[in-house]
Amino acid sequence: MSHLGDEELVLHYYGEDGPGLVAVERHLRTCAQCARAYEALARTLNAVTPPEYVEPADDTLAIRQMIRERLRDQSSRVGVSQSVSGENWGMALVWLVPLAYPLSLQALFSSGQWAQERLVFIPLVAISLLWACAGPFLAVFALNCMAADRRGARASTRVLVAGALMAATSPALYLLVARLNVSLSLGLGLWAWYGVIALGSLVGLLPWPRAFSSKARFSYVHRLSALVLTVFVLGHVINQALAFVSLPAYTAMRSVMRVASHEPALYTLIVAAVGIQIATGVAMGLKNVRAGAVARNLQAVSGWYLAAFLLIHVFSGLLVSSQPQAATTTATAVNQLNLLATPRATASLPFLLLGVTAFLFHVGVYARLAAMAYLAEAWVRRLSYAGAFVGTTVVVTVGLALFGIHVTR
Amino acid sequence: MNDGDLEVFLSLVERHRSYMYNLALRMTGHEQDAKDVVQESLLNAFLRLDQFERRADLRTWLHRIVVNCALDQLRSQRRRPDVSNPRPLSDVVDTAASSSPDPERLVVSSDCRRQVAAAMNTMSPLERVTFALRHFEGCSIGEIAQTVGIGQSAAKQHIFRAVRKLRLALDPQRSGL
C-alpha cells in the first residue's frame, strides 16, 4: 500500500474510511511516516474542541413577539402578495407569452425591415428580439413565484406549470406547428397555434401523476445520453459562432458535420440520445420545479426548451418529410442568412438563439453544481463569471451571424 | 395559523431550544448570530409546520432547519463583512484549558483559540458548517450532505478544505501546504 494522503487521513480520523478501515489501520501500524502524519493531524484536530454547552437565556417572550411581528409582516407582504398575487401574476404572464408570440415575430420582422432602411430602428429590432425570446425567462420567474406545491396537487399550480412549459417552449413549438401546417396543407393559419395553446391549458386542468419512482435512475440515464448529445450540439454551436467569423468556413464545416451525422449508425445514436433526453428530462423537470429555487427552475426550463428544440431539430425531417437528410433546421435556416429576410425565416431566429442559450444554461448550471464538489466556493464563483462571459459572447456571436453579419463572406 | 397554533408550536419546540441554540453557536461561533439563527429557524419551522411529517423526529427536522438558517446567516455576513465588530474568539472554541488553572497553559490555549478562530473565519460558509457538523456534532458525511443539500463528495471536499485551513493555522510546518 502506498503512503496515505491527507484526505485519507482525515477520513480515517473521523471513522469515515468505510471498508478501507482495516487496511488503513494496518498501514498506520507498519508505516512510520504515515503514522507521524496521522499523529500530527489528530493533534491538530483534537485541539479544536467545541464551545461548552450553554443554556440560552429564556427569551420565549421575545421569540413569540418576533414571530408574531414577522407573521404580520409576511401576511401583508409575502403571504398575500407572493403566494396569491405573485402566482396570479406569474400565471397571467406565462399564458400571455404563447398568445402574443406570433405578434412578437411580426414585430421582429417589421423592425428588421425598417432597420435595413434606417439604422435608427435597430433598437426596435433588439426590443422585438427580447420580446420573442422572453418566454423561458418569464417561465423561470413564474415558477419562482408559485406557491409551495411541488406535487401539482392544486389546479392553479398545475395551470401555472403548464403555462411555464408553454411559455418556455413557444419559439420551438410555434415553428413546429407552422411547419406541420404548411407541409400537411392544413390551411389553419394561426388557429393551429391557438389550438395547441388550448390543448396546453387542458394539460394544466387534468390531474398529474403524483411522483416518479426513481429520480436517481432517470438522472444517470439522462447524464449518459447528454454526453453523446453534448458532442453533437457543441459542434453545432461552435459552427454557428464560426459563421460570424467566416461564412465559407462555416459552410465547409457544416458539410462535414452533415455527412457525419447522416451516417445511419450515428444518426440512430443521436435520435436515441434525444429521445432519452426528452423522456427523462421531462420527468425530472416536472419533479424538480419549485418556488424560490432559481437554479433548479433555470435547469428545468432550459431543459424543457432544449427538449422541444432537439425534438424539432432532429425529428423535424421525420415529422414533416419523412427524410432524415432534411432534418437540419439550423442549416436550412442559415442557408437563407439573414433570418430577417422573410417572415417565415424570422421564426427561426428566436428558435435558434434560445436553443444555444438553453444549451449553455443547462450545461452551465449542471457544471456549476458539479464544480461545487471539487472546488472552493470562491473558485466556483470566478469560473461561473468566466462561463457567463464566454456564454454571452457565444450567444451574441451566433446572433450576429443569424442577422446576416459576417466578418468574411 | 393563529395565536393558539403559535402557543402549541412554542411549547413543542421549547425543550429543543437549548439544543438549537448550541448547534447554531457551534456553526456561527457568535452568541448574537446564534440567537438570530434560532429565531429565524423557529419562524421557518412554524411557517413550514405543514411539511413536517408526523412520523419524523422533531429534533431531526429542527436540526436541518437550524443548519440551513446558519448557512444563510454565514453567507449573508460574507456579503456584508462587519469589520467594526470582530468575532469574539472565546465563543468559537473553548479548549480544555478551562479545567487547568496553570497560567502558562492558559496563555497557550488562548493562542490556540485565537488561531482556531482565525482559521474558522477564513472558511467559506459551507466549509464552516460541514466541518462543525462533522467535528463538533459527530454527524456522518452522508447525514451532512443530506442536511445541507449537497452531494457526499462535495461535503467531503468542504471538510477537507476546512481541515487544511485549520492545519495551516495551527500547525503550518506540518500541514504540508
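Is B:Arg17 buried or exposed, and what is its relative accessibility? In this predicted model, B:Arg17 counts as buried, because its relative accessibility is 7% and the limit for a buried residue is under 20%. B:Arg17 forms a salt bridge with B:Glu14, in which the closest N and O atoms are 3.3 Å apart.

Together with B:Phe160 and B:Arg167, B:Arg17 supplies 13% of the area that chain B buries against chain A, more than any other three residues. The contact draws 56 residues from chain B and 42 residues from chain A.

The polar side of this interface can be described next. Between chain B and chain A there are 10 residue pairs in polar contact, counted where both residues have pLDDT 80 or more. Several helices of chain B give two or more residues to the side that touches chain A, including α1 (3-13), α2 (17-28), α7 (125-135) and α9 (152-170). Of the elements, α9(B) gives the most, with 13 residues. By class, this side of chain B has 26 nonpolar, 12 polar and 18 charged residues.

Side chains of opposite charge can pair when their charged atoms come close. The rule finds 3 salt bridges across the interface of chain B and chain A. One of them joins A:Glu7 to B:Arg164, with the closest N and O atoms 3.7 Å apart. In another pair, B:Arg134 forms a salt bridge with A:Glu16, with the closest N and O atoms 2.6 Å apart. This pair crosses between chains, from helix α7 of chain B to the loop between α1 (6-13) and α2 (21-30) of chain A. B:Arg134 is buried, with a relative accessible area of 11%, whereas A:Glu16 is partly exposed at 22%.

Over all chains, the count comes to 8 salt bridges. Within chain B, the side chains of B:Glu137 and B:Arg26 meet in a salt bridge of 3.4 Å, N to O. B:Glu137 lies in the loop between α7 and α8 (141-148) and B:Arg26 in helix α2, so this pair ties together parts of chain B that are 111 residues apart in sequence. B:Glu137 counts as partly exposed at 24% relative accessibility, and B:Arg26 counts as buried at 15%. Salt bridges that share partners also join B:Glu127, B:Arg161 and B:Lys165 into one network.

Aromatic side chains provide a further view of the structure, with 9 aromatic pairs over all chains. In one of these, A:Phe137 and A:Phe361 are edge-to-face, 6.3 Å centre to centre with 70 degrees between the planes. The pair links distant parts of the chain, 224 residues apart: A:Phe137 is in helix α5 (residues 122-145) and A:Phe361 in helix α14 (residues 348-371) of chain A. A:Phe137 counts as partly exposed at 42% relative accessibility, as does A:Phe361 at 33%.

Elsewhere in chain A, A:Tyr101, A:Tyr174 and A:Trp193 form one aromatic cluster. A:Trp193 is also touched by A:Leu173, whose other contacts include A:Met166, A:Val196 and A:Ile312. A:Leu173 lies in helix α6 (residues 155-183) of chain A.

Notes: Residues are numbered from 1 along each chain as its sequence is written. Chains are lettered from A and ligands numbered from 1 in the order in which they are written. Side-chain values use heavy atoms; hydrogens and water are left out. Contact means heavy atoms within 4.5 Å. Buried area is the accessible area (1.4 Å probe) that two parts lose on being put together, summed over both. A salt bridge is a side-chain nitrogen of Lys or Arg within 4 Å of a carboxyl oxygen of Asp or Glu. A polar contact is a pair of N or O atoms within 3.5 Å; within protein, one must be able to donate a hydrogen and the other to accept it, and residues adjacent in sequence count only if both atoms are side-chain atoms. Helices (H or I, at least four residues) and strands (E, at least two) are DSSP runs, numbered from the N terminus. Ala, Val, Leu, Ile, Met, Phe, Trp, Tyr, Cys and Pro count as nonpolar, Asp, Glu, Lys and Arg as charged, and the others, Gly among them, as polar. Rings of Phe, Tyr and Trp (its six-membered ring) pair if their centres lie within 6.5 Å; planes under 30 degrees apart count as stacked, over 60 as edge-to-face and the rest as tilted. Buried means under 20% relative accessible area, exposed over 50%, partly exposed in between (1.4 Å probe, protein chains only). Lists of a residue's contacts leave out its neighbours within four places in sequence.
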